[in-house]
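Dear colleague,

I am handing over the structure we spoke about, and it is placed just below. After it come my notes on what was found, arranged by topic so that you can follow them with the model open.

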Amino acid sequence: MIIGSGHNGLVVASYLAKAGLSVLVAERNAEIGGATQSKQAFTGVGARLSVYSYLVSLVPDKIIKNLGLRLQLKSRKTASYTPAFENGNLRELLIRNDDPNSNREAFLALTGSEDDYLGYLALQDMQSQLATAVWPSLTKPLVSRDDMRHQMGTDGEDAWQDLIENPLGQAIERLISDDLIRGLVFTDGRIGLSTFPHDPSLIQNRSFLYHVIGRGTGEWRVPVGGMGALVNELVRVALSTGNVEIVTEASVSHVAPGKKRSSLTIEADGTTVETDARFVLCNASAQILNQLTGAASKSEAPPLEGAGFKINMLLERLPQLLSKQCAPAEAFAGTFHIDEGYEQMLAAYEESMSGKTPSKPPGEIYCHTLTDNSILPDDLNRRGFHTLTLFGLDTPYRLFEKDNETVRDEVIAKYLAGIDQFLGEPIEDCLARDGNGDPCIEAMSPVDLEKKIHLPKGNIFHGDLSWPFAESEDEVGQWGVETEYPNIFLCGSAAKRGGAV
């Protein structure tokens, strides 16, 4: 029995079915796929957007090969575009994938020196050293902290200290002096989280780690056909075994653990069904599993709140940029950073923690259709339509808890203004219209993410991120999915090394 049909749950279903077990997947929503689904987001418009998550990095090739997934992932020509104003002058940095000569020139043009480019390369080298040790370990049992450190070797000692032991801000500030470049680097340490460079909890280090080790290179690729293509493939493989049944609008309301079999209560089609299972795997959060088993206690810590904000848009055309150096098709193809300077993000964090919506909330934009236009019907491609997705930072759950709609609208307006400052025309003038004549734009706060796909307090990681190694002797040799019950397991982001993706 698998509770939830997110991508991790579907991977589990396929593996277990191929091993000969019969598998029932219960999904309480009407749609399969959790945060990895594609949807026709706008009424009367045939575009199918990846509405929650949109790029792929942490799917091991081993899983793709084991399951025989027909999954095409494309590299983006642009890695990132980061503009900012200083004393009224536009500063900008375009980083291309696999073009070191061009990137070196871009750093020189921005700073007038090679120092920050060399610091940026040094940080990338440390990321690569860490990825070499950590990435292969994700499909193996947990090793101890000391064993993982030993795998880094003496050459990797500095990388271990800077990225694992010390707050990430120390390395960034030592290696890089320019505020824009510091901010560009630090964004990976705070996706979906409220944190700052010198946070003593080191959650920024753990977030950074999971964002830079994927595929051993840290590259995030575009799934051809959108995230829904991944879901469709996982469903195809699962159902092809003949051992998997997937039921939607089926909510598990109780799990009674047993030594040999557990009993589950499922609400579906207005009826209550009882079923037994030899194994139970929870693709939902650990908090939800505790509620289902009755293990939740009054002393249990509340879920760690999420701080991410999503905006999905469909455009009739790409907007013009103020930039004289970079074309829109190049800037929007990668990660387009908005108000993500180092000091800007620190100010936004402090505002959000004081209960205010940031005056300039940081965010990053990405255009799927510049790399893969298959998510649009032919007529929209001919007319030059494009998608834009914004992932916002420093928008914690607490800001939306009392009046979600009002605060959501306020944050949308601030993000659109943040985009407009770098454009030669308002982004709203470029928005397509849906079948009702309304602008094609939708937004989701952490409160919306909790309601729609059941992320606790909108946290995309289901809770606190873990290190990718055992943190106690008891965990060594485990897989990080175990619970207090021998036949009940976590199989999603709440598992150790779950990391959302």
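Which element gives the largest share of the lining of the second largest pocket? That share comes from α1, which provides six residues. Please keep in mind throughout that this is a predicted model.

The pocket

The second largest pocket has a volume of about 1,000 Å³. It is lined by 34 residues, and those closest to its centre are N8, V11, V12, I63 and L138. Besides α1, which spans residues 7-18, the elements that give two or more residues to this lining are α2 (61-67), α10 (227-240) and β19 (488-490). Sorted by class, the lining of this second largest pocket holds 24 nonpolar residues, together with seven polar and three charged ones.

The overall fold

The protein has 16 helices and 19 strands. Its radius of gyration is 23 Å, which is close to the 23 Å that the globule rule gives for 501 residues, so the protein is as compact as a globular protein of that length. Taken along the principal axes, the box that the C-alpha atoms fill is roughly 70 × 60 × 45 Å. Of the 501 residues, 55% count as buried. If you consider contacts between residues at least 6 apart in sequence, 72% of them join residues that are at least 24 apart.

In soluble globular proteins, nonpolar side chains tend to be buried together. In this model the largest nonpolar core has 52 residues, among which L93, L130 and I213 touch the most other members. Helix α4, covering residues 115-134, gives the largest share of this core, with eight residues. For I213, once neighbours within four places in sequence are left aside, the contacts are L58, A131, V134, W135, L138 and G218.

A residue in strand β7

L94 has its place in strand β7, which runs over residues 89-96. Is L94 buried or exposed? With a relative accessible area of 11%, L94 is buried, because buried means under 20%. Not counting residues up to four places away in sequence, L94 touches T78, S80, Y81, N103, A106, C326 and E330. As for T78, it lies 16 residues from L94 along the chain, and the C-alpha atoms of the two are separated by 7.7 Å.

Two residues with positive phi

Most residues other than glycine have a negative phi. D269, although not a glycine, has a positive phi of about 55°, and D269 is found in the loop between β11 (262-268) and β12 (271-277). The relative accessible area of D269 is 77%, so this residue is exposed. H454 is another residue other than glycine with a positive phi, in this case near 65°, and H454 is found in the loop between α16 (446-453) and β19. Where D269 is exposed, H454 counts as partly exposed, at 23% relative accessibility.

With best wishes

Conventions
Residues numbered from 1 in each chain as written. Predicted model: local features only at pLDDT ≥ 70, side-chain atom pairs only at ≥ 80, totals over all residues. Heavy atoms only, no water. 1 Å grid on protein atoms, 1.4 Å probe; cavity = no way out; pocket = protein on both sides within 12 Å on 5 of 7 lines; lining within 4 Å. Points joined across faces, edges and corners; volume = space filled by probe spheres on them. Helix = DSSP H or I, 4+ residues; strand = E, 2+ residues; numbered from the N terminus. Nonpolar A, V, L, I, M, F, W, Y, C, P; charged D, E, K, R; others polar. Core = buried A, V, L, I, M, F, W, Y, C linked by side-chain atoms within 4.5 Å. Buried < 20%, exposed > 50% of the residue type's maximum accessible area, 1.4 Å probe, protein only. Contact = heavy atoms within 4.5 Å. Rg over C-alpha atoms; globule rule 2.2 N^0.38 Å.
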